[in-house]
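Please read the following report with the sequence and the model side by side.

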Amino acid sequence: IKVSLLLITLSLLVSVPKGYAQSSSTGKSPLPRLTYSGEKLTLNDLVLSMEENNVDLKKAQENLNKALLDVKDAKGNYQPQIDFIGGSMYMFNPPIDEITLKQGSLNGAIGPNLPISIHAQDMVIYEGMPNWYYAFMVNIQQPIYTWGKISNGVKIYSNVADVQALQLSSQKKQLKVSLEASAVALYYLTEIEKLLTQQQKYVDELVVLSEDGLKQGVLLKQDVLEAKTQAALIPVTMSEIESNKDSVLEELRRITGLPNLTGDMIAVLPDEDFYKQMTEQKLEDLEALALNPEKDTFVMLDKMVEVSSDAQKVAKASIYGKPDIALNLGLGFQGDMQKLFKGDLSWQENTSANITLIIKTTLWDGGKILNDVKRAGSDINTAVYEKEAAISTVKQELYKQYNSMNLANLKIEYQKLKIETAQSQLEQAQKLQNSGYGSKRDILQAQITKTTEEITLLQE
């Protein structure tokens, strides 16, 4: 009962952190690595170790880191894309050979009255295409207008990163609840072991007295068998408790990342006054706490609604006839590879530049874009329905746990009354023995009954 109450009350305290993804952007834990130095580990020590070593938290942190990189990629679309292309080509048979004017080929071409020879020897007009070319080009493309695709894309990935940050925070809180519940369970199991050890002494002594009474003829064999049955049950119960302790310790090792953790290393006491104060709250107050819109779960669901809404905006921005506009700048440098080796370069002859305005849109693709818009709208509805379902589930679970909590309190009060009754019976047996009307066996039986009731309270 007590561990169940702990889980119920702690789970209601989980709330959303401020800052979302920005608060966890480093990807590193500032906490020091916890080592056991011989001193008892408090709950805070175990939480520190959990935040430093837990594998699930490390995985969640890596998911957040990747989501933050996606945000940077989305923001990178605002900036120009710069590409470089370089290469060379060798032609065995260039298509254009050398062009030469033969000597005297232009004589008289200007007119009959000018019989002067224009050139006295062969003249090379074009040396022909070289065999080996080089070319280098830088291409810069800058988006100008995309109908909000880039800005909405940034919003989508930012919200996804916030969801990852919230998942990390929520997982951290859930693990802390499990950690405290396991540590408290270990405490109660250890207390049960102490009571069983004490009860073992009472039962062993009762068996000896019963056997002596049988020999003396004052007790029946049935009395001896009942005492031995009680004695035989204790090792069984001890084994069950030990098994439960092993399971709890293994869970604590998993959560804290301390593979050598033992029960002797832990010093965690249950704060029963705090748990009792929580259980005394009214149902409407607990409901307001459980349905707090700033709880991780509800904030994550709100973020997913925003993601679906922004995705629909992106789909609508891609509708037929809506062109994306970009500016493209191309810079080139090309020429004869042999001249490049010789350093015979002319920037005016070898460079080129061009600016292109790019307008691109899809006119028809079989209706895929329209389907994307409808699909995004369906995703919005699904996200809203999931939030409504989550609220309904939380309410249902709250009412169930609230009733269980009230029942647990009743059982605790009932068990305390039984312990008080057993204590009264023990005191009565001791008075009877002191007055000469009781026996040691009656006292032992009363002590066994009391410890059994105390064990039952802890087990509940």
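## Salt bridges

Glutamate 251 and arginine 254 both belong to helix H5, where three residues, about one turn of the helix, separate them; helices here are DSSP runs of H or I with at least four residues, strands are runs of E with at least two, and both are numbered from the N terminus. An α-helix has 3.6 residues a turn, so residues three or four places apart point the same way. The model is predicted, so that local features need pLDDT of at least 70 and side-chain atom pairs count only at pLDDT 80 or more, while totals for chains, interfaces and linings use all residues. Residues are numbered from 1 along each chain as its sequence is written, and side-chain values use heavy atoms, with hydrogens and water left out.

Glutamate 251 and arginine 254 form a salt bridge, a term that requires a side-chain nitrogen of Lys or Arg within 4 Å of a carboxyl oxygen of Asp or Glu. Asp56 joins Glu251 and Arg254 in a network of salt bridges, and the structure holds 14 salt bridges. Three of these are listed here with the distance between nitrogen and oxygen.

| Salt bridge | N to O distance |
|---|---|
| Glutamate 251 and arginine 254 | 2.9 Å |
| Arginine 375 and aspartate 372 | 2.6 Å |
| Aspartate 162 and lysine 303 | 3.1 Å |

Arginine 375 and aspartate 372 both lie in helix H11 (residues 368-434), three residues apart. By contrast, aspartate 162 lies in helix H4 and lysine 303 in helix H8 (residues 296-317), so this pair ties together parts that are 141 residues apart in sequence. Aspartate 162 is buried at 8% relative accessibility, and lysine 303 is buried at 12%; buried means under 20% relative accessible area, exposed over 50% and partly exposed in between, with a 1.4 Å probe and protein chains only.

## Aromatic pairs

Eight aromatic pairs are counted, where rings of Phe, Tyr and Trp (its six-membered ring) pair if their centres lie within 6.5 Å, and planes under 30 degrees apart count as stacked, over 60 as edge-to-face and the rest as tilted. The rings of phenylalanine 84 and phenylalanine 136 are stacked, because their centres are 6.3 Å apart and their planes meet at 15°. Phenylalanine 84 lies in strand E1 (residues 81-90) and phenylalanine 136 in strand E4, so the pair connects parts 52 residues apart in sequence. Tryptophan 132 and phenylalanine 341 pair edge-to-face, with 5.6 Å between the centres and 75° between the planes. Ring pairs also link Phe84, Tyr134, Phe136 and Phe333 into a cluster.

## Surface patch and buried helix residues

Which residues form the nonpolar patch on the surface? Ile144, Tyr145, Trp147, Leu327, Ile355, Leu357 and Ile359 do, with about 720 Å² of accessible area together; such a patch joins nonpolar side chains (Val, Leu, Ile, Met, Phe, Trp, Tyr) within 5 Å, or like charges within 9 Å, among residues with over 30% relative accessible area and no salt bridge, and areas come from the Shrake-Rupley method with a 1.4 Å probe, counting for residues only the protein chains shown as cover. Strand E6 gives the largest share, three residues, including isoleucine 355, which is exposed at 64% relative accessibility. Tryptophan 147, in the loop between E4 and H4, has a positive phi of about 60° although it is not a glycine.

In helix H2 (residues 43-53), the buried residues are Leu43, Leu46, Val47, Ser49, Met50, Glu52 and Asn53. Their cover includes helix H3 (55-76), helix H4 (149-216) and helix H5 (221-256).

Note on methods
Contact = heavy atoms within 4.5 Å.
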